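Here are some exercises to work through with the structure at your side. Try each task on your own, then follow the solution step by step.

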Amino acid sequence: MRSDEFYMYRALDQAHLAFEAGEVPVGAVVVSAEGEILAAAYNAPVAGCDPCAHAEILALRAAGQAAGNYRLEGATLFVTLEPCMMCTGAMVHARIARLVYGAAEPRTGMLESKANLLAQPWFNHTIAVSGGILAAPAGRLLKRFFSERR
């Protein structure tokens with residue numbers, strides 16, 4: 001298995017594609033327990049007229065199709081921005097083993113910024129979390145995106 005940084009750079013590649021498409025630049029990659037990239041995606045709610053088309057959701061959907069199972073046990077999700085409530089819930093349902101994210105999301109982040117949703121006792125699945133991996137380049141891309149739109 002390669003390093004967390006290797007896979008996060010793949011997620012950043014996806015975030016750059018989102019930026020070029022005029023979407024909020026968030027990218028995600030799902031990696032199997034064996035280190036194989038199952039899926040990669042970027043934010044696309046504007047293009048798809050879909051409020052659920054966050055990078056994490058699209059990557060989890062594609063990974064489920066690639067794996068032939070909606071449960072992605074042993075998989076790791078790499079995402080450039082701290083996930084929201086919707087995406088955190090989807091990760092629990094997918095049964096991923098681990099989440100690695102880049103920049104914190106001070107307005108809607110559900111792992112450290114606004115709440116720690118995964119610490120709630122009612123979930124029947126736990127996910128190991130590592131945050132701040134390549135946070136600086138992920139944060140710079142987001143700041144550039146929003147500064148160009150103001």
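A residue counts as buried when its relative accessible area is under 20%, and as exposed when that area is over 50%. Keep in mind that this is a predicted model.

**Exercise 1. Is E56 buried or exposed, and in which helix does E56 lie?**

Solution. 
- Step 1: Find E56 in the chain; E56 is part of helix α3.
- Step 2: Look up the relative accessible area of E56, which is 4%.
- Step 3: Compare this value with the cut-off: buried means under 20%, so E56 is buried.
- Step 4: Look for the contacts of E56, leaving aside neighbours within four places in sequence: they are A28, L77, V79, L81, P83 and C87.
- Step 5: Check the record. The unreviewed UniProt entry places the feature "active site" at E56.

**Exercise 2. Which residues of α4 are buried, and what do they pack against?**

Solution. 
- Step 1: Locate helix α4, which spans residues 85-94.
- Step 2: Pick out the buried residues of α4: C87, T88, G89, A90, M91, V92 and A94.
- Step 3: Draw the conclusion. Since 7 of the 10 residues of α4 are buried, this helix is largely enclosed by the rest of the structure.
- Step 4: Identify the partners. The buried residues of α4 pack against α3 (55-67), β3 (76-81) and β4 (98-103).
- Step 5: Look just past the helix, where R95 has a positive phi of about 60 degrees.

**Exercise 3. Which residues does the annotated domain cover?**

Solution. 
- Step 1: Turn to the unreviewed UniProt entry, whose annotation "domain: CMP/dCMP-type deaminase" covers residues 2-113.
- Step 2: Describe that stretch: residues 2-113 are 39% helix and 21% strand.
- Step 3: Check its ends; the end C-alpha atoms are 28 Å apart.

How values were computed:
Residues numbered from 1 in each chain as written. Predicted model: local features only at pLDDT ≥ 70, side-chain atom pairs only at ≥ 80, totals over all residues. Heavy atoms only, no water. UniProt positions renumbered as here; feature names shortened; annotations may be inferred. Helix = DSSP H or I, 4+ residues; strand = E, 2+ residues; numbered from the N terminus. Buried < 20%, exposed > 50% of the residue type's maximum accessible area, 1.4 Å probe, protein only. Contact = heavy atoms within 4.5 Å.
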